[in-house]
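Thanks for coming. I will take a few minutes on charged side chains, and you can follow along on the screen.

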Amino acid sequence: QQARRQDWTEFRAREALLVSEVREIRLSGEQMREQVCEAARSEASAQRQHDHERRVRHDLEEDLPHVQQHAVDTNAMHLHLLAQQEMCELQRQVNEAKRGEDQALRLQARTEARLENVEQDVRRRFAES
C-alpha cells in the first residue's frame, strides 16, 4: 500500500509538472500568436503608409504641370505689370515734358511780346527825339 501511495504521489507530481508544462506551452503559444498578430498589424500599417505615399507622389506628379503653368502665368503677369508701370512712368514723364514745353512757349510768347513793346517804345522815343 505504501508503494501504491508513493506511485500515486509520483503520479500526482508528474501530473502537476505536465500541467505546468502545458500551461507554459499554452502561454508561449498565446505570446507567439500575439507576436504574429502584432507583426501582421505592423505590416498592414506599413502597407497603408506605403499606399498613402504612393498616392501622394502620384497626386504631386499630376499637379506638377499645373503648378509649373501657374508659375509661368504668374511670372508673365508680373512682367506685364512691370511693363505697365514703366509705361505709366514714361507717360508721366512725357506729360511733364509737355507741361514744361507749354510753359516755355508761354514764356517765349511773353518775352517776344515784351521785346515787341520795348522795340515800339524805342522807336517811339527815337521818333520823338
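I will go through salt bridges and then a surface patch.

This is a predicted model, where local features need pLDDT of at least 70, side-chain atom pairs count only at pLDDT 80 or more, and totals for chains, interfaces and linings use all residues. Residues are numbered from 1 along each chain as its sequence is written, and side-chain values use heavy atoms, with hydrogens and water left out.

Side chains of opposite charge can pair when their charged atoms come close. A salt bridge here is a side-chain nitrogen of Lys or Arg within 4 Å of a carboxyl oxygen of Asp or Glu. By that rule there are 10 salt bridges.

Take Glu15 and Arg12, which form a salt bridge at 2.6 Å, N to O. They are 3 residues apart in helix H1, about one helical turn; helices are DSSP runs of H or I with at least four residues, numbered from the N terminus. Glu15 is partly exposed at 30% relative accessible area, where partly exposed lies between buried, under 20%, and exposed, over 50%, with a 1.4 Å probe and protein chains only. Arg12 is partly exposed at 43%.

In helix H1, Arg123 and Glu119 sit 4 residues apart, and their side chains meet in a salt bridge of 3.5 Å, N to O. Salt bridges with shared partners also join Asp121, Arg124, Arg125 and Glu128 into one network.

Last, the patch. Asp59, Glu61, Glu62 and Asp63 form a negative surface patch, meaning like charges joined within 9 Å, from residues with over 30% relative accessible area and no salt bridge. Asp59 is in helix H1, residues 2-128.

Technical notes: Patches are made of residues with over 30% relative accessible area and no salt bridge: like charges are joined within 9 Å, nonpolar side chains (Val, Leu, Ile, Met, Phe, Trp, Tyr) within 5 Å. Accessible areas come from the Shrake-Rupley method with a 1.4 Å probe; for residues, only the protein chains shown count as cover. Lys and Arg count as positive and Asp and Glu as negative; His and the chain ends are not counted. The place of a charge is taken as NZ of Lys, CZ of Arg, CG of Asp or CD of Glu. Helices (H or I, at least four residues) and strands (E, at least two) are DSSP runs, numbered from the N terminus.
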